[in-house]
Amino acid sequence: MSRKAGPSRLEHALRPWRRANRMARWLVIAGTVITLVFAVLAVFADQIAPYGQDQYRYEVAGAPVDDDGDPVLESIPRRAEPGAGFPFGTTSARFDVFSRIVHGARVAFGVVVLSTVVAMGIGVPLGLISGYRGGRVDRLLVLVMDAVYVFPPLLLAIIAAFVLKEYLDPGLPSAAVAVGAVYIPQYFRVIRNHTLSVKQEPFVEAARSLGAPPRTILGRYVFFNVVQSVPVIFTLNAADAVLTLAGLGFLGYGVPYPQAEWGLDVSRAISDVVSGFWWTAFFPGLAITLLVTGLTLVGEGLNDIVNPLLRVRGYTGKVPARKEPTAEATRESDDEDITDLAKTGVV
Amino acid sequence: MLGRLALAPVFLFIILTTLFVLLRVLPGDPVTAALAGRLSPAQIEERRQASGLDEPIYVQYLDYLTGVVRGDFGNAVTDPRAVTEIVLDLFPATFELTVFAMVLAVTLGVVLGAFGARHRDDPLDVGGRMFGILVYAAPVFWTGILAQLVFANRLNLLPTGNRIGARVPIGDLEITGFYLVDAVLRTNGEFFVDALTHLILPGITLGLVISGVFIRIVRVNMLQTLRADYVESARARGVGDSRVLFRHAFKNALVPVVTIMGLQFALLLGGAILTETTFSWPGLGSALVDFLNRRDYAAVQGIVTFFAVLVVIVSLLIDFVNGLVDPRVRY
């Protein structure tokens, strides 16, 4: 199984995509489209949003001029219903809900990217070292990471944000660090397990016997092989990270108001809902749901395509790399993979 | 099994140490952080000494660890009760909510997941999967607010929050703190209905979120199991379709679900914090948020410690159950 030649491996990897029926492929494509739409909103937020995220007055063409020669600004109406001019309505603070959603996309993507950098920056090197060195270092790191892993993710993010609040001004970077802390163990685990199997490969042995120092072996040979599993973890975690950020924002531990963040906007709209203004809570929540759905569909699709290959390459390192894994062992590692992904909520 | 058993305290030790370090590197000690500006410096000093905060840090650390072993989670600063008392008072509410949600999630997950696997790639299967993804993707607080808007504000069918109506004299009726159980014990129908109507919205909201994961896990496992040799051989022997599904495949497909339940428990606790806040459900999650906002580190540390103990115990239990259900799992 693990010794097959290149082309058949590729074939093996692409089989799920080709086998998937039209509906399943359509879901993956839909996910990509949704994600791209939000990505465009995030990148071109300033061009797309008609108003600033905390803008409550606007200039009208041909408006009268005040004593200083500045045009008199028109106020954005308070709690305007969705309609012309304000497609998603306005809030009680006269903010345009649509503009806040567009700017919120920027915060969401910013946090996803930055938190991934944090999680990878810590998880990947530790995983490489742990997997390659083995021994006591490995055992200790695995224990610590597993302990972090069993801990409720949102709770971990809340505590991280709570502690960070004392040191960093609340904002996108501190929210990203809080969210990123949650995903360190996942990068660590996958990279460590992958390293364990890659280090058995002949080319690593060859490098070692040629006298290459561990740093070269890790940096030049192991890293580029192992790094392939990163995009899969990323797509699976990204959806979860958006939800974690929203949860933090809802509890007031994300970015500070009046910065636009969807979870924060929903929490500020609770009182509106009670008095019948549904749109201030509805649209930001819908944005979260759509983006998470999009990312999940992409992650699920990618996972289907790449995972069979990942699984064959030895999941725990318990299965000796040279031996044909028994059906039993493969089954168990499959199960473990599933439980792993279940933690991120994506299978 | 022994290995796992030995790991549990190690996990706990690591989590508690991390928590202690994290919360103690915060500027100011717990008493000062929570009460500065509200009490005179002399009073604060008195409170600090009373809580042992003038002791060297390693003494505090050891006190904390030995306290946890004895079931003592420390004292809150902004609440006269000890954390253990707070936990005993509020945990039944959280437990009742999470159990309701878990039962709903597992039921939905097993039914929709197995159905989806049986009718793979039918529109119904795709619909089930989409449902699973959507309920997971919708943030629990948003679903909760929409549910309140529709079922409480517009239709006026269910209460928006809290555990019990004002008309029920809960002080006299409470026995275990689990209101549904108490209502049955008291054979008080009105109490039961009132508690249930309060539980429905938050319970369903939380349950739906978690169900998404179960639907997908059950579906994937069922698909894998249906491809297994013994299923094929059963088919070859001419065993009927539904019999294969329910007698042969079903039980095996459910084994991983037990494992997932353990992992979901951690997610469930996170979801419970948000759900309780949304529905002003007087549980441990909303209490934690209150203490966080009051900067009461001591209470935060105590409650989070309790959550950590709980998570570790549950993961241990799940391992045991897994060993019972699946003879292949041996430690």
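Trainee: Which residues of H5(B) meet H12(B)?

Mentor: In this predicted model, the H5(B) side consists of B:Thr94, B:Leu97, B:Thr98, B:Ala101, B:Met102, B:Ala114 and B:Arg118, and these meet B:Leu245, B:Phe250, B:Leu268, B:Ala272, B:Thr275 and B:Glu276 in H12(B). Sorted by class, this contact holds 8 nonpolar, 3 polar and 2 charged residues.

Trainee: At what angle do the axes of H5 and H12 of chain B cross?

Mentor: Two packed helices are described by the angle between their axes and the distance between the axes. Here the axes of H5 (residues 83-118) and H12 (residues 241-278) of chain B come within 8 Å and cross at roughly 140°. H5(B) is therefore oblique to H12(B), and their crossing is right-handed.

Trainee: Which element gives the largest share of the side of chain B that touches chain A?

Mentor: The contact between the chains takes 45 residues from chain B and 44 residues from chain A. Among the elements that give two or more residues to the chain B side are H1 (2-24), H10 (189-226) and H14 (297-325), while the largest share, 11 residues, comes from H12(B). By class, that side of chain B has 36 nonpolar, 7 polar and 2 charged residues.

Trainee: Where in chain A does pLDDT stay under 50?

Mentor: Where pLDDT is low, the predicted coordinates should not be read in detail. Chain A averages a pLDDT of 78, with 79% of the residues scoring at least 70, but over residues 308-347 of chain A the pLDDT stays under 50, and for that stretch the model has 67 contacts beyond four places in sequence.

Definitions and conventions
Residues are numbered from 1 along each chain as its sequence is written. Chains are lettered from A and ligands numbered from 1 in the order in which they are written. This is a predicted model: local features need pLDDT of at least 70, side-chain atom pairs count only at pLDDT 80 or more; totals for chains, interfaces and linings use all residues. Axes are lines fitted to C-alpha atoms, for helices over the stretch in contact, and angles run from 0 to 180 degrees between N-to-C directions. Helices (H or I, at least four residues) and strands (E, at least two) are DSSP runs, numbered from the N terminus. Angles under 35 degrees count as roughly parallel, over 145 as roughly antiparallel, 65 to 115 as roughly perpendicular and the rest as oblique. A crossing is left-handed if the near helix is turned anticlockwise from the far one by less than a right angle, and right-handed if clockwise. Two residues are in contact if their C-beta atoms, placed from the backbone, lie within 7 Å. Ala, Val, Leu, Ile, Met, Phe, Trp, Tyr, Cys and Pro count as nonpolar, Asp, Glu, Lys and Arg as charged, and the others, Gly among them, as polar. pLDDT is the predictor's confidence in each residue, from 0 to 100.
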